[in-house]
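I opened this structure to take notes for a reader who is new to it. My entries follow in the order in which I looked things up.

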Amino acid sequence: MKKTLLATLSVLALMALMLLAACNKKETSESQPTGAETTAPAPAATAIDQATVGSVSGAVKFDGAAPPKAQKIDMSQDPACKGSNEAENVVVDKGSLANVFVYVKDGLGSRTFDVPKESVVLDQSGCRYHPHVLGVMAGQTVQIKNDDPTTHNIHPTPKDNREWNESQPPQAAPIEKTFAREEVMLPVKCNQHPWMKMYINVVKSPFYAVTGPDGKYEIKGLPPGDYTIAFVHEKLGEQDQKVTVGPKQSKTVDQSFKAGAM
Amino acid sequence: MGRLLRNDPRFAGTKEHRLKVIATPYNRRLHAFAVFTACVTLLLIVAGALVTSNDAGLSVPDWPTTFGSFYKMPHMVGGVKFEHGHRMVAEFVGLLTIVLAVWTWRTEKRRWLRMLSVAALGTVIVQGILGGLTVLFFLPPAISSAHAAVAQTFFCIAVCIAMFTGQKWVEEPPQVEFDTRRPTLFPLTLLSIFVLYVQLILGAMFRHKGMSWWPHVVHAGVVAVVLTWTAIRALSVYSKIAAVRRSAMMMLSLLITQLCLGFTAFLTRVAWGKDTLQPELPMVISTVAHVAVGALLLATTVVLAIQVWRHVPVAFEERVPGTERTPQAA
């Protein structure tokens, strides 16, 4: 009888403790100021002679008779979601293709680069991600903000980095995260608003860019050399081009994606 | 062809033709409660299917708390209304199962049924833990599929408890007809349960992105053949036995419905829905209905197997050759 009483009291005490712990907790993101992945100390950056650096720029076109019409998204399941309801998976304006991630895929050899101290900002506003495609160096901080009057959850689904999932209520402090390993087109989504999707591109060098609405990009500060430039689109796939950049040279590398790839 | 035992002249007018009457009083309230628990469990399966179809499984990132609290109601919008709604129905089913287990344990005379009610409680606990693990580990296909399979297992147990506590089961003596055909009907019903269970796992693995769609679609043909064979055998030979006839008819009807829903779900999700930007209503409705009817089909097949085991035993002299036939039934 005594044993039963003792066991009952223990279970009740455990439940009370769990309840207390729950009451003391705030919503997830508030209790987690940062979530940096553990990275090994970065080796010293390879010196680049700034007097000889060149650049690569160009425009990315959508090669098709009729550019795809932006698909509509239905945001009615959350009244707090207002604003544009067009998808950003293929954004074409007068033949120019936006949201293409362009980076130096090959040719940098064993060079290493300093990780920028500044954060890259990913904003959630109008129940959409801004920007839709983001470039960041491995180890660089991504600051995630919520400017919406509703709770979002941020859920990257990487192949090579650590997966995580955190909620962020309105007016919550920004969530700060880093990605340790190189990974291109790493999908990020919000499970509360299933149309919310964006892509983070984690690279080892600072030589990357994302095409704007005019399809243009520019990669500056490239040391002379032979490079492979990769153009990656979330839906249209990847295309590569080789380019040789001489001292102080500005090269133009245009690229086009065909409609048939969709 | 089997003969009705009650028509056997050797047993006419004797006590033996009544077979074994179970001395358990019918508890109307317990039965009604068990039926209610089974119905809410089906609702829970629908709620769970809505979570998956709306891709809302991780809209609440923590477990067992919801946004850090056990009791605070979150703002029920977007994916949260599906995920937290599912959790609330699950908690209710957990509570119902506790009550059912305690009630059965205290009032039921059949020991095996008391044990079954405890097994139901164990299953619902395992199911809750699997649900939590799948959230904490970001929906791994194996755990999510196990969560789907255990859900339907629990539903079958709940339906069985409802059947075992029913008036017909408790008060009416079995109407026994010996099975002389090959293969006998009972193994056929077990084979039906097996192929349905395999189909459930294949479907769950596809739904949770652990497998392609084609094994589930190909196996649907196997399920259709085995279940049709079982239903035709039951209906053509044992249609005089109401419990077997009803279950077989229901199984056949659900099978046809399920095949139609499966085809619709394939169209809305695989053929037309692969490039959609968000879960669309036709896909959600067809896939959720496919899951719910799948659960009903599995439970009906389990009921058919139990009714066959009860009413259509293999002739005793065939089970124990050389022994005098003695009526044996549950």
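Predicted model: local features only at pLDDT ≥ 70, side-chain atom pairs only at ≥ 80, totals over all residues.

I began with burial in chain B: 43% of its 330 residues are buried. Buried here requires 20 or more other C-beta atoms within 10 Å of a residue's own, exposed 12 or fewer, and partly exposed lies in between, with C-beta atoms placed from the backbone. Residues are numbered from 1 along each chain as its sequence is written, while chains are lettered from A and ligands numbered from 1 in the order in which they are written.

Next I looked up the elements of chain B. I found 10 helices and zero strands. The pattern along the sequence is α-α-α-α-α-α-α-α-α-α. Helices (H or I, at least four residues) and strands (E, at least two) are DSSP runs, numbered from the N terminus.

I then checked contacts within chain B. Of those with a separation of 6 or more, 75% join residues 24 or more positions apart. A contact means that two C-beta atoms, placed from the backbone, lie within 7 Å.

**Chain B: two domains**

Which domains does the assignment give for chain B? I read domain 1 (23-172) and domain 2 (179-312). Such bounds come from an automatic or database domain assignment. The C-alpha centres of the two domains of chain B lie 21 Å apart. Their contact takes 22 residues from domain 1 and 21 residues from domain 2.

On the side of domain 1 of chain B that touches domain 2, α1 (28-53) and α4 (141-164) of chain B are the elements that give two or more residues. The largest share, 12 residues, comes from α4(B). By class, I noted 15 nonpolar, six polar and one charged residues on this side. Nonpolar covers Ala, Val, Leu, Ile, Met, Phe, Trp, Tyr, Cys and Pro; charged covers Asp, Glu, Lys and Arg; the others, Gly among them, are polar.

I stayed with α4(B). It is mostly covered, with 19 of its 24 residues buried. Its length checks out too: at 1.5 Å a residue it should span 34 Å, and its end C-alpha atoms are 34 Å apart, which agrees. The expected span is 1.5 Å times one less than the number of residues.

**Chain A: sheets**

I moved to chain A. Four strands form an open sheet there, antiparallel, in the order β15-β5-β17-β18. β15 (208-210) and β18 (237-245) of chain A each have a single partner strand, so one side of each lacks a neighbour in the sheet. Strands count as paired if DSSP finds at least two bridges between them. Nine bridges join β17 (residues 225-233) of chain A to β18(A). One to look at: G225(A) has V245(A) as its bridge partner.

A second open sheet in chain A has five strands, ordered β8-β14-β13-β10-β11, with mixed pairing. Two bridges join β10(A) to β13 (residues 183-189) of chain A, and these strands run antiparallel. There I found H155(A) bridged to K189(A).

**Between the chains**

How many residues does each chain give to the contact? Chain A gives 26 residues and chain B gives 22 residues. On the chain A side, α1 (2-24), β10 (152-156) and β11 (166-168) give two or more residues. I sorted that side by class: six nonpolar, 13 polar and seven charged.
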